[in-house]
Amino acid sequence: MNDALQDKPDDLLVTMHVCRGNFHSAWIYSGGYDVIAEEMFSVNIDGFFLEYDDERSGDFAPLAKSKNQNIVLGLITSKTGDIEDKEAIKNRIKEASEYVALEHLCLSPQCGFSYYRRW
């Protein structure tokens, strides 16, 4: 990817969503980002959309390996119809800011392309 992006224009921002799987609330990976953080953050892109809406996502410690990249915290779930507690979300953002400067953090649903559906 770094080779493909080496000549990108300065005004082109490139981001990546690291999908953990959520087809009909099913998932394909459990565990934190620590095992892939070094390599993931070495990709020369501007930001990452990372899923952090439940315990299977691990903690925020791997974010310390980011290189001034924007991190979009997927703290709002699309897996259930429950509404998150505002204070809990604020606390999670504060926790993430221990590893990444607040000005590099953003908030979004864990996956904007997914939906929750009971069959």
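Author: Two strands pair if DSSP finds at least two bridges between them. The model discussed here is predicted.

Reader: What makes strand E1 and E2 a pair?

Author: Strand E1 (residues 15–18) and E2 are joined by four bridges. The definition asks for at least two, so they pair.

Reader: How many bridges join E2 to strand E3?

Author: Five bridges link E2 with strand E3 (residues 70–76), and these two run parallel. Phe48 faces Ile71 in E3.

Reader: Why is Ser42 called partly exposed?

Author: Its relative accessible area is 37%. Buried would require under 20% and exposed over 50%, and the value for Ser42 lies in between, so Ser42 is partly exposed. Ser42 sits in the loop between helix H2 (37–40) and E2.

Reader: Which residues does Ser42 contact, apart from neighbours within four places in sequence?

Author: Asn2 and Lys67. Asn2 is 40 residues away along the chain, yet the C-alpha atoms of Ser42 and Asn2 are separated by 8.6 Å.

Reader: Which elements give two or more residues to the largest nonpolar core?

Author: The core has 21 residues, and those touching the most other members include Phe41, Phe48, Leu50 and Ile71. H2, E2, E3 and helix H3 (86–96) each give two or more residues. E3 supplies the largest share, three residues. Beyond its neighbours within four places in sequence, Phe41 has contacts that include Phe48, Leu50, Leu63 and Ile71.

Note on methods. Residues are numbered from 1 along each chain as its sequence is written. This is a predicted model: local features need pLDDT of at least 70, side-chain atom pairs count only at pLDDT 80 or more; totals for chains, interfaces and linings use all residues. Side-chain values use heavy atoms; hydrogens and water are left out. Buried means under 20% relative accessible area, exposed over 50%, partly exposed in between (1.4 Å probe, protein chains only). Contact means heavy atoms within 4.5 Å. A nonpolar core is a set of buried Ala, Val, Leu, Ile, Met, Phe, Trp, Tyr and Cys residues joined through side-chain atoms within 4.5 Å.
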